[in-house]
Amino acid sequence: MINSNPLNVGRRRVFGSVFSPAPFEARSSGRGVDNGNTQAASPFHPDASFSTIRTGSFNSPQPGKSFSSTLDRETWNQAWCLASDFLSLPHAGFAEIYNARGRVENKGKASRWHRPPSQEVAEALSYLACSESSETSSELNGLHELLLWYGGEIRRHFLANMRQGLHELFRREDHEELIRSIVECLQLARRMYLTPVANHVLKFAEAEYREKLMAQLQRVFHTVVSYSLPWSKISPLISVVLAKEALIILGIDTLLNEGDMDANDRDDDAMEVDRRYSVFYDHWRNESPEGRERMMIEGEDNHVTTARERLLMFLQGLQQVGLGGDKTQKVFASVMNIMMTEFIRAAYTGKWEAPSLVPQHLRHWVEDVFARLAVQVLAIIHHPRMADKSTNILNVSFSDVEKWQEMGIARLGTLRTSELFDVIVEWPASTGAIEDLRHFTTYPAARSYLTHNFITVLNQRLLQPGASTLEILQLYIAIIRAFNLMDPKGVILDRIARPIRRYLRDRDDTIKVIVSGLLAEPTSTPNRSALPSTHDTLAELPTELSKAHQLSMENNMSELDWDDMNWMPDPVDAAPDFSKSKGTDVIDSVVSLFDSKETFVKELQTMLSDRLLQNRDNYDQEISVLELLKIRFGESTLQACEVMLRDISDSRRVDASIRRDQGLVKLPTRPRPKRSAHASFPDLHAKILSRFFWPIIPEQEFKIPDEIAALQERYAAGFEALKASRKLTWLNGLGQVLVELKLADREFSAHVTTWQATVIYAFQSDSSSSSSSASEESNTTTERSISSLAEQLSMTPSLVRSACLFWVSKRILAESSSSSDTYHVLESLPTEEEEHSSTTHHAGQQAGQSAGTSTSTGPQDNTTLTTSAADAAAAAEAAAAAAAKESADAAAMEKMNLYWQFIMGMLTNQGAMPLQRIVMMLKIVVPGGFPFSNEELREFLAGMVAKGKVEIVSGGNYKLVH
Amino acid sequence: MDYTMEDTQNSAPESLETTKLSGAGQRNETQSVTKRLQAELMQLMMSPSPGISAFPNADGNLLAWTATITGPTETPYEGLTLKLTFDFPNNYPYSPPTVLFKTPIYHPNVDFSGRICLDILKDKWSAVYNVQTVLVSLQSLLGEPNNASPLNAQAAELWDSDQAEFKKHVLSRHRDLDDEE
């Protein structure tokens, strides 16, 4: 038993109520003392006083008469004793009640508590009912006073017996059964307490008081129950039960077990039954409109009905024992709150199909299922004071339902917001989700929630080093399209795009990806040879380019259209510098990432030059893209690109005429060059570029074969004759050569780069002097070392090595066993390999010229030679990369000269400086930043020290030497 | 290229708002000055003129530069290294920079605290001038002082009367700043 203050007080109150009449009586008579003693000794174990009372007879005093004599008083005391004894409650009880719970009605047990009143008791009761209270001031009669006392008795008994047991229950069980047994126990107790009064006592009271008296006792019971059961312990239990039943009633459990359900559906024939009543969004979608109306009202499932009954019963019990009321309403509200979220999550996650009916479905669900449960529940657990007034009035008004629907839509918006990233990834298969969001983003708070949330997700999942620029751009385009649908004003997009754009601007390769995307063909054609495959470019861009153009033509004037009756101001959350036109057009947004068009045009030029220099039949794609871009950027911006395109088409004509004039055409049809045949010369075609308009093309310098050089001279002469005052500068590093090699046992032909061709030519030219017929047929193997080739061709060694490795991968050259870096022509293949490798080369020739392709398409063989060929191919690629890097390094050194100017200026004007300071200053003042590290600069400066341009003075400061 | 420099239309709205609130296009102006100065520096570096050089100060503030003029041949200043400071106003190039000689110099148009009397640095300033043209003008001023409006009357007089004495004065006044640093 808890020994706390309130309890002591309570006990004192109980005792006070029991003994209150006694001292009063004791003063008046001896009998009264006697009577008082018995009461004091034990009010629960009546003894002698019974007999005395039984002997006396009660003459019902007339109401209104006062106690004038001691006899009256004595009689009253006797009656009181008798009645209170009848009503007094036996001591023990909780264990019995606990054991009795669960049995239906448990009449037997309960009857032990309900002795029917004996004749005397009945008389005493009716006497009391007629007599006045012993307290003269009170207006109540004896019966009222008796019931007041009984209220105290209930309190006392409950605290003494039930409370302990209930507290033990908390310790024993901790699942949801607990609350049920508690409620059942309390119900039994309540019946135990109130039945005697209801059955036997109340009939003596005046009719108009009966209800009031009963309510009074009930209130006493409720008070003591809520006093002794801590609400903090009860409410979680109630919410568990509520949640469990609500899950079933609201249909959430079926949604959660969707997988199992579907499996079951296929097995048995319950399909049709399910169809009629279902909270499934998919089922509902497939239903006809009339069916939709009915779907959630009719044909409730069995288990739902039972759950509903169970829940209502439980709540009834709660209400009866005083655990209902507004406290439980609160619990119920919080449970329903969770349920709504839960339902929305379970029902609509991943349901993104367009056209979206989710909001309608949700509204239906709220109205038909959610609100229905709420009405039913609230009808039971009402506030006790409201009880009599609102029995017939619905506790749930229609405006409440509407409010719930709005809440539901808001929750749906939250769900969709959290899914938004995946929705965008799935775009355009997920249009429905965006439509849902449109219902959600109608007020500023929701919009800012959405933007804030989405930006956080973007930062986490997209705008990080792990995502490629291409992915980011693709998603950005999807975002533009999706948000256009959601918010045609483009305000949300405007906000969301900012961090993306800021991030994209920091990426080095953004422009490259965009431009290559623009130039990519909308339908990827397989026969494109020289460019990387299109699936990893932004292939949407060209389509978007032509589409967006038409659109912009249509609503160009919308902001200036004064007659537009549908005009709306920008929403309040629009950024101050918001302008609609910027955000909505994909091409515009992508291109405007960079504030100057120059950067974009420059990259476009580079990309265009790469593509135009390929040997292709037509450049329609480039031309059309350029035309569309011209509409956007204006003619002048893209003038250089225009010239580039014209160069290419002009060169074709010029090429033809020069070749004709110079007699370079051997046959009327395009002749195939036969290098092996003597006296004939290779076909030379040229593209004539206007140097001024083309970007700087990185180039490898080397000496081309004399034969070709001679042709070039003739060609150049022809050009100068055609176009006076112009000169040709040959860019030998660019271009393609069709090489045909005739070896002892095989022939080989492929398009290769000029430097690869030059290197292989070097292997031939030497032997051609020794034999008059086709050079390769001679069996004398020529060996070349890389260094000698590099010298002979004035080519960088790394480029030579790269070319040699390329030919090794084609199995034309082989590395000499004697010394590394020396190669010879592989005149004939090892015999067992012959057939296999010829197919390999054949396949390689068809599929393109990539070395990797040729080895992988060939049949895989475990012989060492195949492996070495594959290795060689890889090595060739690596060597090519190395060569490319070398030329890039050379370009970087070129730039270093510029930095040297900066360093000189710095040291001249600011005096001697330490290295860190120099680097820091360079980073500040050099446009585009300073790309080298401290170490690289130190190395560079060391070179300058060696040249005597700078010196290192005290403290590691660099100082110019004057 | 540095895209962040002039990124007004894509910057966060908050920052833009504050810019709008606090004093007009202050920031934009500073930005355009910086951009202009950067371009000038680039030009100086790409096509250096003989005998002149200039560079922003090491504190990273592009609005303050140090320049160096090497005394032109066949002038009293031949072989001397003269240092100057450039202070650019916020509305450069619409106002001239403040140019001062840091190296003590004896010159008719320069006073003893280094202030220069040169019309293009005062009322004849135009936005088409730049650091390079100012420096070239100063370089030529060393050889052809404008004695009509001298700041150093003694020097002006001496220039006209006694070149040898003038050169002596120049050399006695000159001190290389490098030694101090």
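Predicted model: local features only at pLDDT ≥ 70, side-chain atom pairs only at ≥ 80, totals over all residues.
Visitor: Is Asp111(B) buried or exposed?

Guide: Its relative accessible area is 15%. Buried means under 20%, so Asp111(B) counts as buried.

Visitor: How many salt bridges are there over all chains?

Guide: A pair counts when a side-chain nitrogen of Lys or Arg is within 4 Å of a carboxyl oxygen of Asp or Glu. By this rule, the count over all chains comes to 13.

Visitor: How many residues apart are Asp422(A) and Arg461(A)?

Guide: Their side chains meet in a salt bridge of 3.0 Å, N to O. Asp422(A) sits in helix H21 and Arg461(A) in helix H23 of chain A, so to speak, distant parts of the chain. The separation of Asp422(A) and Arg461(A) is 39 residues.

Visitor: Which helix holds both Lys630(A) and Glu627(A)?

Guide: These two side chains form a salt bridge as well, at 3.2 Å, N to O. Lys630(A) is buried at 7% relative accessible area, while Glu627(A) is partly exposed at 39%. They are 3 residues apart, about one turn of the helix, and that helix is H31.

Visitor: How far apart in space are Trp149(A) and Leu87(A), C-alpha to C-alpha?

Guide: Trp149(A) belongs to helix H9 of chain A and is buried, with a relative accessible area of 6%. In sequence, Trp149(A) and Leu87(A) are 62 residues apart. In space, C-alpha to C-alpha, the distance is 9.8 Å.

Definitions and conventions: Residues numbered from 1 in each chain as written. Chains lettered and ligands numbered in written order. Heavy atoms only, no water. Helix = DSSP H or I, 4+ residues; strand = E, 2+ residues; numbered from the N terminus. Buried < 20%, exposed > 50% of the residue type's maximum accessible area, 1.4 Å probe, protein only.
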